[in-house]
Protein chains: 4
Amino acid sequence: MARHRVGIWLVGARGSVATASIVGLVALQKGWTGDVGLVSRLPVFQHLPLSPWQDFCVAGHDIRATSLVESASQLSADRGALDPQLVKRCQRELTAIDRRICQGTVLHVGETIADLAAPEVRRRRESPWEAVRRLQADMQQFVKQEQLKQLVVVHLASTEPPFDLGQLPATWPDMERMLQKRATQRLSLPASSLYAIAALDLGYPYINFTPSLGAAPPAIQQLAQLRETCHMGCDGKTGETLVKTVLAPMFANRHLDVMSWVGHNIFGNMDARVLDDPQNKSSKVVTKDRVLGSILGYAPQTLVSIENIASLGDWKTAWDHIHFRGFLGTPMTMQFVWQGCDSLLAAPLVLDLVRFTWYAWQRGDRGLLTFLASFFKHPLGVAEHDFGRQFQMLAEWAQRSTV
Amino acid sequence: MARHRVGIWLVGARGSVATASIVGLVALQKGWTGDVGLVSRLPVFQHLPLSPWQDFCVAGHDIRATSLVESASQLSADRGALDPQLVKRCQRELTAIDRRICQGTVLHVGETIADLAAPEVRRRRESPWEAVRRLQADMQQFVKQEQLKQLVVVHLASTEPPFDLGQLPATWPDMERMLQKRATQRLSLPASSLYAIAALDLGYPYINFTPSLGAAPPAIQQLAQLRETCHMGCDGKTGETLVKTVLAPMFANRHLDVMSWVGHNIFGNMDARVLDDPQNKSSKVVTKDRVLGSILGYAPQTLVSIENIASLGDWKTAWDHIHFRGFLGTPMTMQFVWQGCDSLLAAPLVLDLVRFTWYAWQRGDRGLLTFLASFFKHPLGVAEHDFGRQFQMLAEWAQRSTV
Amino acid sequence: MARHRVGIWLVGARGSVATASIVGLVALQKGWTGDVGLVSRLPVFQHLPLSPWQDFCVAGHDIRATSLVESASQLSADRGALDPQLVKRCQRELTAIDRRICQGTVLHVGETIADLAAPEVRRRRESPWEAVRRLQADMQQFVKQEQLKQLVVVHLASTEPPFDLGQLPATWPDMERMLQKRATQRLSLPASSLYAIAALDLGYPYINFTPSLGAAPPAIQQLAQLRETCHMGCDGKTGETLVKTVLAPMFANRHLDVMSWVGHNIFGNMDARVLDDPQNKSSKVVTKDRVLGSILGYAPQTLVSIENIASLGDWKTAWDHIHFRGFLGTPMTMQFVWQGCDSLLAAPLVLDLVRFTWYAWQRGDRGLLTFLASFFKHPLGVAEHDFGRQFQMLAEWAQRSTV
Amino acid sequence: MARHRVGIWLVGARGSVATASIVGLVALQKGWTGDVGLVSRLPVFQHLPLSPWQDFCVAGHDIRATSLVESASQLSADRGALDPQLVKRCQRELTAIDRRICQGTVLHVGETIADLAAPEVRRRRESPWEAVRRLQADMQQFVKQEQLKQLVVVHLASTEPPFDLGQLPATWPDMERMLQKRATQRLSLPASSLYAIAALDLGYPYINFTPSLGAAPPAIQQLAQLRETCHMGCDGKTGETLVKTVLAPMFANRHLDVMSWVGHNIFGNMDARVLDDPQNKSSKVVTKDRVLGSILGYAPQTLVSIENIASLGDWKTAWDHIHFRGFLGTPMTMQFVWQGCDSLLAAPLVLDLVRFTWYAWQRGDRGLLTFLASFFKHPLGVAEHDFGRQFQMLAEWAQRSTV
């Protein structure tokens with residue numbers, strides 16, 4: 001395939017996942033780091049003509065008054081989540097990218113997130129439709145200026161409170177009409193969906209790496225089809241839930257009876273602070289929790305907690321306690337402790353998703369990219385939660401893609 | 001298919017795995033327990049015409065001067081590994097089965113195991129070939145007396161010291177000749193292989209649930225082909241290693257770089273006491289260790305220990321510490337603790353293996369039953385160690401079997 | 001000292017701690033068990049003329065319609081928390097003791113506990129003062145019938161919701177007057193305090209093994225002084241908190257800076273079900289949490305959770321994650337997992353407390369028995385939370401007692 | 001007291017503990033770090049006129065051809081064991097101190113350590129007595145040049161193989177005579193003892209922070225008395241063993257019966273590499289293991305392993321599994337995981353020991369400084385292993401010191 005310049009548009013572009021993704025992309029482009037953590041660099045995908053890192057160019061939206069360099073420095077101060085030397089080497093590029101980051105929107109993101117926003121962002125008065133138009137203008141401006149062939153939008157902003165799909169119109173024309181009406185302030189679509197609409201309406205693929213609503217509403221999914229573009233989500237599967245979807249099939253395939261599965265998560269970055277709000281937390285807990293019943297075929301007692309422990313910073317520590325019964329009813333226990341650096345686990349997946357999505361779009365894949373299920377806690381349109389089988393879906397797509 | 005009575009011949013019939021298997025079989029035949037832990041009772045295998053538990057009848061060899069009731073009582077005293085009530089209810093059946101257990105052989109089992117044997121077993125003087133003939137007579141007598149259609153032999157005896165395959169003749173005719181010669185005392189095949197020869201030579205399927213040599217030598221595998229029967233092994237995958245072969249693919253599929261994987265196992269049953277002998281332990285450690293490199297495609301630093309801690313009895317506790325690097329070189333850690341009752345994890349697999357093997361033999365499967373790989377730490381003839389994929393091999397065989 | 005028959009009056013006498021205490025007492029009296037777990041049987045206390053187990057006789061109050069045999073059977077079904085054989089051997093004694101258990105009160109215990117009560121207990125209409133009088137009559141009847149020299153009352157009932165001390169009168173005469181008045185239904189003292197008043201008013205020592213209010217109000221402490229008797233509490237220190245008060249001094253004495261201490265507790269017995277009520281839970285979390293600041297001299301971020309996981313029964317599992325900084329600011333981590341059988345950890349302490357209290361009363365100790373601090377999460381009148389030093393207080397009291 | 005310049009002489013001065021101690025001392029002198037981790041800075045010792053950090057000046061012996069800056073850089077590369085910024089700031093001082101580090105001796109240190117030495121150190125031919133004289137000359141030169149009032153020698157070199165005290169002469173005069181004789185090459189005192197003799201013979205206090213022999217032989221202890229100086233050891237108690245001596249008293253004081261205690265340690269620094277040699281490891285395991293029996297008063301089954309896992313570097317990870325029985329024989333379990341940075345835990349203790357020792361010497365303490373027991377796994381001349389009580393010994397000494 002011909003080479004093209006492709007844009008990556010990160011929503012929440014100065015957050016820690018975005019920062020790690022950007023530092024990582026720069027390091028890859030400069031040849032300062034290897035392939036570790038990058039799924040798209042596995043041997044099984046080497047036959048795919050995926051675009052080299054040099055072809056990508058990054059920008060995005062954010063609501064906070066900080067800078068990429070500041071965010072990166074904080075990550076590197078955080079017990080070595082990022083190598084301080086590397087941050088230093090990337091400083092010039094980070095500053096350049098920072099200039100391309102535009103003001104996002106805090107419409108219906110909930111109070112906790114809104115409180116993080118810069119004053120000028122919070123003061124802005126605009127209708128949802130006006131917001132969409134403004135966000136689109138930002139994206140188009142980037143595409144034009146950098147002469148990009150396509151723009152892949154990845155949602156990385158903090159988790160919004162849950163949203164009841166029931167109140168939404170079922171088709172895009174209806175939703176669009178309501179958005180354009182004055183009275184539709186009532187519609188109260190959260191920011192994540194406004195970004196999704198902004199992107200998809202322009203034909204840009206949209207990936208939701210968070211549990212926020214994003215492109216999940218049927219009307220927005222229809223928009224993706226109408227504009228002949230593609231999307232996927234939601235909620236990146238990086239740590240404890242990844243392990244759950246790897247271990248649960250073992251219990252299922254050995255016919256062991258899981259009686260209870262308790263998972264306690266502690267960490268202390270910005271995400272953790274947002275999740276301190278019970279509203280926002282509830283969105284997260286749902287996607288972390290639902291995988292078990294789906295894999296096991298029955299619902300053991302489960303408990304999932306996520307707590308903000310400031311001293312841990314980006315280091316997510318999870319303790320899971322699995323109580324199960326074996327043959328003749330004998331009760332047994334498995335526990336695991338996961339000590340991972342959340343942003344550094346997420347960042348390579350963000351880059352992988354962009355590469356796979358851009359390639360899929362080129363190949364003509366439209367609508368939901370279900371073959372990306374292994375990347376998500378709650379893969380839209382996919383009932384399979386077993387990570388091994390999800391990965392096989394990806395490998396098989398790659399196989400099919402080359403025939 | 002027509003129903004037949006089928007024999008289960010357990011080598012090490014009074015050991016804790018065999019005892020749990022026998023108590024379990026009785027409980028299943030009487031309807032005193034459910035399906036938990038039994039792979040062959042999973043929905044995915046329900047279309048197979050597997051024989052009901054009532055069709056099976058059990059006997060075997062052992063070298064120790066104990067009884068099934070004694071063994072079962074010890075397991076039930078062991079912090080509830082077996083329910084004391086259940087052991088009581090099974091007492092009459094256990095006593096009846098005990099009468100069908102014949103004296104095994106201690107030829108080349110190593111000193112530690114030989115020391116466990118009853119005096120009359122240790123005093124016995126016989127050549128390997130005489131031993132094979134005697135073991136065969138025991139099996140045939142059981143088949144005749146119980147009017148069995150077939151006999152599935154499962155090796156459950158304590159782990160023997162490692163054996164160098166290099167010194168063995170490559171074909172069965174050569175091996176048979178050497179065994180029959182006087183001078184072949186030198187051949188020094190360990191007991192597990194003599195049992196394998198005894199079984200296969202009579203056309204009985206042979207399953208090696210231990211890391212001992214068994215039917216692994218090419219000459220014995222040839223014997224299985226010549227007698228048109230089947231076999232598989234070796235070393236049941238029940239606990240820590242099972243988890244390893246479930247977690248390692250996760251690290252591989254996420255392209256995470258495992259730097260070191262340490263696994264410490266502690267338990268205190270008879271097996272543990274035998275593994276206290278460094279000779280016997282080395283056989284075990286090898287099969288526990290080799291799975292990682294195979295799945296990951298490279299060899300991280302590994303350490304596997306198994307130690308005899310008397311107070312734990314049958315409760316195998318394993319701590320695994322996995323040190324890995326993610327994107328941009330960030331080091332992270334995962335640990336797990338497995339607290340399982342070893343014999344109760346193994347027992348249902350023994351019954352599953354018998355059911356699957358008997359069905360496979362009926363269907364005409366001969367030689368190595370590679371589709372059983374998911375049951376073994378070291379599946380003969382199978383390079384795949386990823387448990388999820390091994391399970392898929394089993395499911396696909398089941399699918400094929402019914403076409 | 002002369003030997004006397006001494007009564008043990010357990011409030012919550014059919015709960016799991018009481019049941020384990022009673023089974024244990026019977027086993028000790030019959031010589032069916034050893035000294036393990038009994039602090040009063042340590043060599044350092046062997047010179048004290050503590051009463052032998054034979055001198056004690058047990059009875060109590062409860063609100064539930066169950067029986068000691070039932071409670072004991074449940075504990076023994078709970079993965080061997082109690083040996084089933086032992087329960088069987090004690091059956092006759094348990095039945096006899098059961099007959100001596102009288103109906104307790106549910107006045108102001110909160111809805112969750114009240115819901116557990118037998119219908120006749122819930123239907124009962126009585127003023128707090130009438131309740132005190134009735135409880136006293138039960139105790140006196142037992143003392144008389146069994147010709148007891150003294151009665152030690154131990155509170156073991158489920159945790160009540162928290163109570164604000166501020167609203168209470170400061171002296172016993174004032175409190176008594178209010179209790180006797182009609183209008184004092186407003187006083188709403190919780191049941192635990194009514195039991196305390198009932199006991200202390202009769203000169204019986206009162207030990208509060210729970211976080212409920214009990215004898216903590218100054219007016220009730222004054223009552224103990226006026227009646228020349230003694231008391232202590234509160235909240236038995238049996239598991240996770242015990243470990244906390246052992247580890248925290250290590251961090252303090254090494255000048256290590258604890259940044260955060262997270263403790264997650266899961267278990268599934270009746271206590272756990274009561275603690276599922278956020279009201280009741282808050283009483284518990286407070287005593288579990290306050291020890292750290294006291295020992296460290298500063299307040300790290302802490303988090304304590306207690307969750308009801310039914311499958312665990314009496315087996316309390318706690319995971320604690322301690323994040324601390326060492327020299328030059330280097331962050332380090334310690335984690336522990338405690339898997340203890342809650343009732344069996346508490347039961348011997350109940351018996352120890354009775355023995356020590358009865359002896360102290362004989363020696364003339366009145367008011368708060370502060371030397372018992374090591375037994376409690378929140379030792380009344382004692383600022384010291386370091387378990388080692390608390391134990392030394394006990395040892396020194398024993399030393400002094402014999403001079 | 002009058003202020004004096006005092007020397008710190010580190011044996012193994014470029015090892016990771018020494019490096020962290022030196023970086024720490026520089027940081028303290030410059031005011032770049034706080035008191036965390038420093039026992040001598042606890043409030044309970046604030047009334048003692050301990051010398052300020054500015055009064056100390058450091059030098060020492062080493063056998064390796066590396067530099068302090070190199071060692072410090074390696075520690076800072078080791079997942080942030082040392083802050084890279086701090087290392088950079090200290091660079092000039094480290095280089096200056098490096099110049100004062102003299103060549104040590106490899107006499108009888110065992111092959112594994114000898115293999116680490118610079119060629120010129122290994123090639124050196126000298127008798128033990130000549131070595132002592134040379135080491136003394138180095139120390140005296142430093143004292144003279146820096147006009148030091150006293151020199152405290154701290155042994156931090158890698159663990160030597162174990163040594164049988166039985167073969168040694170019982171008095172200093174006898175030992176000295178043998179050392180001076182030609183034939184006494186046979187005496188084969190390990191290097192750690194030669195350093196001890198060198199120091200004590202000059203009246204310099206000697207602290208052995210390792211499990212090597214050092215000043216333990218009675219003849220050398222006599223030398224300390226003869227020269228009116230003081231010494232203490234051995235084997236710094238920094239991590240897993242510290243926790244053991246904190247937890248074991250809890251089990252003892254609760255009369256819980258420890259059935260087994262398993263401790264697995266993994267780490268990957270230079271010490272770990274030396275401990276890979278079974279000879280050297282055996283010295284270490286002994287001091288780690290003996291504490292339990294002493295505290296509990298009986299000997300549970302124990303297992304201690306230390307393994308070299310390269311990827312962990314200085315981060316010592318220990319998993320301990322404690323299996324104990326409570327009341328009525330109920331078996332329970334406690335596990336802990338310690339993830340500490342070994343050198344950063346040791347370094348402040350080295351500085352504390354120097355401060356306390358220098359003050360004790362000034363006060364006139366001679367011979368064994370038993371009040372320092374809390375710093376050591378195997379405190380010479382002290383039977384008490386309970387860390388809480390050992391700390392109290394230190395606090396009481398401090399109390400007495402000021403009367």
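Let us start with chain A, which is divided into domain 1 (6-236 + 344-402) and domain 2 (240-340); these bounds come from an automatic or database domain assignment. What you see is a predicted model, in which local features need pLDDT of at least 70, side-chain atom pairs count only at pLDDT 80 or more, and totals for chains, interfaces and linings use all residues. Residues are numbered from 1 along each chain as its sequence is written, while chains are lettered from A and ligands numbered from 1 in the order in which they are written. Chain A averages a pLDDT of 93, and 97% of its residues score at least 70; pLDDT is the predictor's confidence in each residue, from 0 to 100. For the model, ipTM is 0.95 and pTM is 0.95.

Back to the two domains. The C-alpha centres of domain 1 of chain A and domain 2 of chain A are 26 Å apart. Their contact draws 25 residues from domain 1 of chain A and 26 residues from domain 2 of chain A, where two residues are in contact if their C-beta atoms, placed from the backbone, lie within 7 Å. On the domain 1 side, α4 (111-114) and α14 (387-402) of chain A each supply at least two residues. Helices (H or I, at least four residues) and strands (E, at least two) are DSSP runs, numbered from the N terminus. Sorted by class, that side of domain 1 of chain A holds 9 nonpolar, 10 polar and 6 charged residues. Here Ala, Val, Leu, Ile, Met, Phe, Trp, Tyr, Cys and Pro count as nonpolar, Asp, Glu, Lys and Arg as charged, and the others, Gly among them, as polar.

Now follow the strands from chain A into chain B. An open sheet of 8 strands runs in the order β8(A)-β7(A)-β9(A)-β10(A)-β10(B)-β9(B)-β7(B)-β8(B), and its pairing is mixed; two strands pair if DSSP finds at least two bridges between them. At the edges are β8 (301-308) of chain A and β8 (301-308) of chain B, each pairing on one side only. From one strand to the next, the twist averages 10°. Axes are lines fitted to C-alpha atoms, for helices over the stretch in contact, and angles run from 0 to 180 degrees between N-to-C directions. Where the chains join, strand β10 (residues 331-341) of chain A and strand β10 (residues 331-341) of chain B pair in the antiparallel sense over 7 bridges, with A:Met334 opposite B:Trp338. Helix α13 (residues 342-363) of chain A lies across β7 (257-267), β9 (315-325) and β10 of chain A, at about 80° to β10(A).

Chains C and D also build a sheet. Its 8 strands form an open sheet in the order β8(C)-β7(C)-β9(C)-β10(C)-β10(D)-β9(D)-β7(D)-β8(D), with mixed pairing. β8 (301-308) of chain C and β8 (301-308) of chain D stand at the edges with a single partner strand each, so one side of each has no neighbour in the sheet. In chain D, β7 (residues 257-267) runs parallel to β8(D) and is joined to it by 8 bridges; one of the partner pairs is D:Phe267 with D:Asn308 in β8(D).

How many residues does each chain bring to the contact between C and D? The contact takes 47 residues from chain C and 47 residues from chain D. On the chain C side, α1 (16-30), α10, β10, α13 and α14 (387-402) each supply at least two residues, and β10(C) gives the most, with 10 residues. By class, this side of chain C has 28 nonpolar, 13 polar and 6 charged residues.

The symmetry of this pair comes next. A rotation of 180° with 0.0 Å of shift along its axis superposes chain C on chain D, with an RMSD of 0.0 Å; the superposition is by least squares on the C-alpha atoms of residues with pLDDT of at least 70 in both copies. The two copies are therefore related as by a two-fold rotation axis. In chain C, the C-alpha of C:Phe336 is nearest the axis, 2.0 Å from it. The same surface serves both copies, as 100% of the contact residues of chain C recur in chain D.

Finally, look at some backbone details. The peptide bond between C:Gly233 and C:Cys234 is cis, with omega about -5°, and C:Cys234 is found in the loop between β6 (230-233) and α10 (240-253) of chain C. C:Gln147, in the loop between α6 (128-145) and β4 (150-155) of chain C, has a positive phi near 50° although it is not glycine.
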